[in-house]
Amino acid sequence: MDLFDYMREQNMEKESPLASRLRPTSLEEVVGQQHIIGKDKLLYRAIKADKLSSIIFYGPPGTGKTTLAKVIAHTTSAEFMQINATSAGKKDMEEVVTKAKENQGMYGKKTILFIDEIHRFNKGQQDYLLPFVEDGTIILIGATTENPYFEVNGALLSRSIIFELRALGKEDIKTLINRAITDKEKGMGAYDAEIDADALEFLADMANGDARAALTAIELGILTTERSEDGKIHITLAVAEECIQKRVVRYDKSGDNHYDTVSAFIKSMRGSDPDAALYYLARMLYAGEDIRFISRRIMICAAEDVGLADPNALNVAASAATAVERIGMPEAQIILAEAVSYVASAPKSNASHMALNEAMEYVKTHKTGPVPVHLQDAHYKSAGKLGHGVGYKYAHSYPNHYVKQQYLPDGMEDITFYHPTDIGYEKEVKAHLQMLRELAEASEE
C-alpha cells in the first residue's frame with residue numbers, strides 16, 4: 001500500500017456511514033442472531049476456535065451478514081479476502097485463487113474468501129470456484145438476501161453450512177441506536193446527543209428489523225438537528241419522523257421476500273382469511289409491486305382454490321384484471337381490494353384442479369387409448385367410410401339434453417377424475433351429475 005492508498009483508506013474510515021463505522025469487530029459486540037452465535041452454538045464455537053468451513057449467510061438486509069464476515073476477518077488467523085459479486089469478474093477470482101495457492105503452498109496458511117451478494121454470481125462464476133472450495137484452497141463465506149437454495153449452485157451448497165439470519169428484534173434495534181448515540185470512538189458520542197423515549201420507540205419500530213436503516217436515520221437526525229439552549233442535540237419524535245419517513249419494507253420484486261409475501265397472500269385467500277389477504281395486498285402495493293402481477297395471482301387463486309364452489313369468483317378476478325390495466329394506480333388498488341375480498345371470502349373447492357392433476361397423472365402413466373370411433377371427427381369427406389362418427393348420439397336430441405354413451409377410450413369406462421364437493425355452487429353440480437347417472441341407470445333397466 002502506498003501513501004495515497006493509506007490516506008484514502010483513512011479518510012474513508014472517517015467519512016464512512018455510521019452503520020459501517022459501528023460494525024462490531026468481535027462476537028461479543030454483535031447484537032441479535034443469538035440463534036446462531038449464542039455461546040453454545042456451532043458458529044460461535046467455530047469462530048472462536050478459528051475452525052471455519054465454507055458457510056453461507058442468508059437473511060434480509062441490515063441483519064448482520066457482512067458484520068459477521070468482518071468479525072471473522074478480525075478473529076481468524078487465515079488470510080481474509082473480499083469481493084462483491086456485483087462488480088467482480090473472472091480476473092478478480094483468478095487473483096484470489098492465485099493468492100490462496102501461495103498462502104497454502106508457501107506459508108501453510110488458509111484463505112477465507114468473502115463474497116457479498118453471492119446470488120449475483122452466474123452459474124459459470126460459481127462453477128469456477130467449486131474445485132477450489134472442494135479441495136480446501138479457499139474457505140468460502142457467501143452473503144445473500146435471496147434464498148440460497150434457489151440462487152446458489154447446488155454443488156457449492158452441499159459443501160457449505162447455511163446460516164439463516166433473522167430480522168433484528170425491536171429491543172435489538174434500540175440497543176444499536178443507543179450505542180450509536182453514546183459511542184465516542186466509532187459512533188456519534190462526540191456530538192452530545194440525546195434521544196427521547198418516544199423517538200427511540202418510533203425509530204426501532206419503523207426500522208422493521210433493519211439495523212442499517214435505523215442507524216442511517218439516527219445519523220441523519222444528529223447531523224441535521226440544531227443544538228438546543230442546553231448545548232445538546234435532542235432527537236425528538238418530530239425529528240425521528242423526518243429522518244425515516246417511510247417504514248422499511250423488506251421486499252424485492254425479484255427476491256426471496258417477494259416470493260414469501262406472495263405465498264402468504266395466496267395462502268390467505270385460499271384459507272378464507274380476507275383480513276390477512278388484504279394485509280399482504282397492502283404490503284405488496286406499498287412496496288410498488290406490479291398491479292398486473294397481483295391481478296394474475298388473484299385469477300389463479302379464483303380458478304385453483306375457489307373453482308366451481310363459486311364460479312363467479314373467476315369472473316370477478318378477470319374483470320378486476322381488465323379494470324386495473326385500464327385505470328392504473330392509485331385507483332386500481334380499490335379494484336384489487338374488492339377482488340381479493342371476494343375471492344378470500346368465497347366458498348372453496350379445488351376439485352376441478354385435482355381432477356386435472358389426476359387426469360394428467362393417468363395420461364403420464366398409462367398407454368393412450370384411441371378415441372372411440374363414434375366420437376371421431378366426421379366433418380370431412382369420406383369420414384363415414386372409415387366409420388368415424390357413426391353411432392354418435394347428439395345429446396340435445398334427448399330428454400334433459402343427456403344420453404349415456406361411451407366418451408372415454410376402451411378400458412377406462414369406470415374411471416372417475418372429477419369428484420365435486422358439497423360446498424357452494426358445486427353442491428348443485430354434484431346433484432346434477434348424480435341425477436344424470438340415475439337417468440342413465442334407469443334407461444338401461
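1. Let's start with a helix pair. Helix α16 brings I291, R292, S295, I298, M299, A302, A303 and V306 up against A313, L314, A317, A318, A321, V324 and E325 of α17. Contact here means heavy atoms within 4.5 Å. Helices are DSSP runs of H or I with at least four residues, strands are runs of E with at least two, and both are numbered from the N terminus. The axes of α16 (residues 291-306) and α17 (residues 312-327) come within 8 Å and cross at roughly 170°. That makes α16 roughly antiparallel to α17. Axes are lines fitted to C-alpha atoms, for helices over the stretch in contact, and the angles run from 0 to 180 degrees between N-to-C directions. Angles under 35 degrees count as roughly parallel, over 145 as roughly antiparallel, 65 to 115 as roughly perpendicular, and the rest as oblique.

2. A word on what you're looking at. This is a predicted model, in which local features need pLDDT of at least 70 and side-chain atom pairs count only at pLDDT 80 or more, while totals for chains, interfaces and linings use all residues. Residues are numbered from 1 along each chain as its sequence is written, and side-chain values use heavy atoms, with hydrogens and water left out.

3. Now for another helix pair. Helix α6 (residues 90-107) packs with helix α7 (residues 123-134) at an angle of about 5°, their axes being 11 Å apart. So α6 is roughly parallel to α7. On the α6 side the contact is made by K90, M93, E94, V97 and K101, and on the α7 side by Q125, Y128, L129 and F132.

4. Buried means under 20% relative accessible area, exposed means over 50%, and partly exposed is in between (1.4 Å probe, protein chains only).

5. A199, L200, L203, A204 and M206 are its buried residues. They pack against α10 (170-182), β6 (193-195), α12 (211-224), β7 (233-235) and α13 (237-243).

6. After α11 comes N208, in the loop between α11 and α12. N208 isn't a glycine, yet its phi is positive, about 55°. With a relative accessible area of 27%, N208 is partly exposed. D50 is another non-glycine with a positive phi of about 55°, and D50 lies in the loop between α4 and β1. At 24% relative accessibility, D50 counts as partly exposed.

7. One for the backbone: the peptide bond from M329 to P330 is cis, with omega near 10°. You'll find P330 in the loop between α17 and α18 (332-345).

8. On to charges. How many salt bridges does a search of the whole structure find? It finds 16, a salt bridge being a side-chain nitrogen of Lys or Arg within 4 Å of a carboxyl oxygen of Asp or Glu. One of them joins the side chains of K186 and E29 (3.7 Å, N to O). K186 sits in the loop between α10 and β6, and E29 in the loop between α2 (18-21) and α3 (34-37), so the pair ties together parts that are 157 residues apart in sequence. E29 counts as partly exposed, at 28% relative accessibility.

9. D305 and R270 form a salt bridge as well, with the closest N and O atoms 2.9 Å apart. Because D305 lies in helix α16 and R270 in helix α14 (residues 256-270), this pair ties together parts that are 35 residues apart in sequence. D305 counts as buried, at 6% relative accessibility, whereas R270 is partly exposed, with a relative accessible area of 36%.

10. Also worth a look: the side chains of K430 and D422 meet in a salt bridge (3.3 Å, N to O). K430 counts as partly exposed at 33% relative accessibility. Elsewhere, K170, E171, K174 and E201 are linked in a network of salt bridges.
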